[in-house]
Amino acid sequence: MKISYGDRLTSGIIYALLALLAFVTFYPFWNSAVISFNTGADTSLGGITFWPRAFTLDNYEIVFQDKRLVHAFLISVLRTVIGTVLSIAATAVFAYGMSKKELVGRKYYMIFCIIPLYFDGGLIPSYMLIRSLGLMNSFWVMVIPGLISIWNMIVFRTFFQQLPHNLEESAKIDGCGYWQTLFRIVLPLSGPVVATLALFSAVGHWNDWFTATLYISDTKLLPIQTLLQQILSSNIMSEQMMQTSAAAQSHIASARSVTTKSLTMATMMVATIPIILVYPFVQKYFVKGVMVGSLKE
Amino acid sequence: MKRLLLRQWDLQLMVIPALIFIFIFSYVPMYGIVIAFKDYDIFQGLNASPWVGLDNFKEFLRAEEFRTVMRNTLAISFLKLVIGFPAPILLALMLNEVRIPIFKRIVQTISYLPHFLSWVIVSGFVLTMLSSDYGSLNIALEKLHLIDEPVNWLTIPNYFWGILIATGLWKGIGFGSIVYLAAISGVNPDLYEAADIDGAGRLRKIFSITLPCILPVVSIFLILAIGDLLSAGFEDILLLQNDIVRDVSDVLDTYVYRIGIKNSLFSYAAAVGLFKAVISVVLLTFANALARRSGNSLW
């Protein structure tokens, strides 16, 4: 087929713009990673872009020795695992019940679930609720309020309703109750849905920093994202302070190989790595997930 | 009825705990909105606190911050709508023109990734890129001789909105394009063949076939975006703002957080939150009514 000059020009522009987008998206990761592998003293001289100039692992060594950071990382892992497992289990049970046509009151239950999707109390009433439930400064404040996701329930329910009924029928004849059928027959058939929703839930848990900012003041319970946010905002302050006496400060900074900035970069990388690790799996499932999401709207 | 319930007690047991849970975590806060009409006293509790009618709302409308907060909210969300809404559509259209599968995959893989990062990490990247002493933006602009000395971008009020929009674009453009790509792949290929026979070029096909075919999807997302017009953003602003740019960065949601949680003015902040929620519902209804005329409404 003949390709016109205009079409070739259009293609050229499109490829160039997409390559630029990919570069602009990727560069901040790369640059931050490079800075995390560069000595802080050298970084503060400026000019670090694509490659480390004075390669070092000191930043990571210090980050991994910092008990506070390791602890925050563990809190993040713990809340992600516990929060995801409990939320998926509770939501799946709920959705399975809601998927049964013989459930008495099903229609009213559904309306009861849909109203909160349109109206919510907002920040202040939720805050007061958490406070009156005594969840302030508790690990469980990061797990319990998100236990039941109405969106996920709808996705699960739609999936369960599409499953062939004869399997469940035969289970029923064999004397399985609803609970047994769900755990023995239905859930093993629901791998892809469980994986998709679990991955999204896990990413959400890992990335959530605001819940802990709102409700947790005990530093022993802070997840890595919240701790990182506090480090970053204290860095902004120190940057502002540095402007007042830039000359004096940079003199001190250049004497050390590790600076708060190079440490911050290493911390940022540590907080990002789990996401990068699960990303291939997320990508495998998430397009489906988005499609399910657009169906339910 | 009672016998029926008893017979399926195990089925009911699957849903009732979850419904109680939803009641506590969704319905109780809805009732909690009454705090906006009261003068909340921490010692008396919510129920015993005196009613004050619309006083909190009046106070907000008269407050000094009202004008700046409303201006920032509307300006930032308007910019996000005008720039951030069409951008993913444009990206999807461009990706659809790519004929090299590996190139398409690489661009998609990279551009979806930021969606899965927390705003904390993203704000860390912004701070790194824009930093005045080792930031790559300053390095690049200095090399190009566009600036003479490093600029501390985040402390200059004039740049704040631009930084915010660019950051949002960086994080959301790839993921936002997925829905439109799916819509585009649903377009009947016969239409393109017919256009080929008629000798239509690429751009012609985009404007005459692809865009009209994905219009229903675009319109649904536009309605939702308009309903969200008063949500100018929360996490992104909270993480990128500082005291120097407060005047251009405070929006309704961050104002509620700052006044309500940090200064403990619960009743007043709840009133501001409710003010926002009510206007959002009005906007959503309005946008939907407009869309209904073109036959692409939500309800």
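Val256(B) touches Leu123(A), Ile124(A), Ala269(B), Val272(B) and Gly273(B), leaving aside residues up to four places away in sequence. The model is a predicted one. Val256(B) also belongs to the largest nonpolar core, which has 109 residues.

**Nonpolar cores**

- In the largest nonpolar core, Phe94(A), Ile124(A), Val256(B) and Val272(B) touch the most other members.
- Helix 4 of chain A, residues 67–99, gives the most to this core, with 11 residues.
- A second core of 18 residues is separate. Among its members are Leu91(B), Val179(B), Leu181(B) and Ile184(B).

**Interface of chains A and B**

- On chain A, 75 residues are in contact with 65 residues of chain B.
- Helix 1 of chain A, residues 5–36, gives the most to the side of chain A that touches chain B, with 15 residues.
- That side of chain A has 48 nonpolar, 23 polar and four charged residues.

**Overall form of chain B**

- Chain B has 16 helices and zero strands.
- The radius of gyration of chain B is 25 Å, whereas a compact globule of 299 residues would have one near 19 Å.
- Along the principal axes, the C-alpha atoms of chain B fill a box of roughly 75 × 70 × 40 Å.
- Of the 299 residues in chain B, 36% count as buried.
- Take the contacts in chain B with a separation of 6 or more: residues 24 or more positions apart account for 69% of them.

**Helix 5 of chain B**

- Helix 5 of chain B spans residues 64–84, 21 residues in total. From first C-alpha to last, helix 5 reaches 30 Å, close to the 30 Å expected at 1.5 Å a residue.
- Buried residues in helix 5 of chain B are Val69(B), Asn72(B), Thr73(B), Ile76(B), Ser77(B) and Lys80(B). They lie on the same side of helix 5 of chain B because they cover an arc of only 110° around the axis.
- The face of helix 5 turned away from its buried side carries the exposed residues Arg67(B), Phe78(B) and Val82(B).

Notes:
Residues numbered from 1 in each chain as written. Chains lettered and ligands numbered in written order. Predicted model: local features only at pLDDT ≥ 70, side-chain atom pairs only at ≥ 80, totals over all residues. Helix = DSSP H or I, 4+ residues; strand = E, 2+ residues; numbered from the N terminus. Expected span 1.5 Å × (residues − 1). Buried ≥ 20, exposed ≤ 12 C-beta atoms within 10 Å, placed from the backbone. Arc of directions from axis to C-beta. Rg over C-alpha atoms; globule rule 2.2 N^0.38 Å. Contact = placed C-beta atoms within 7 Å. Core = buried A, V, L, I, M, F, W, Y, C linked by C-beta atoms within 7 Å. Nonpolar A, V, L, I, M, F, W, Y, C, P; charged D, E, K, R; others polar.
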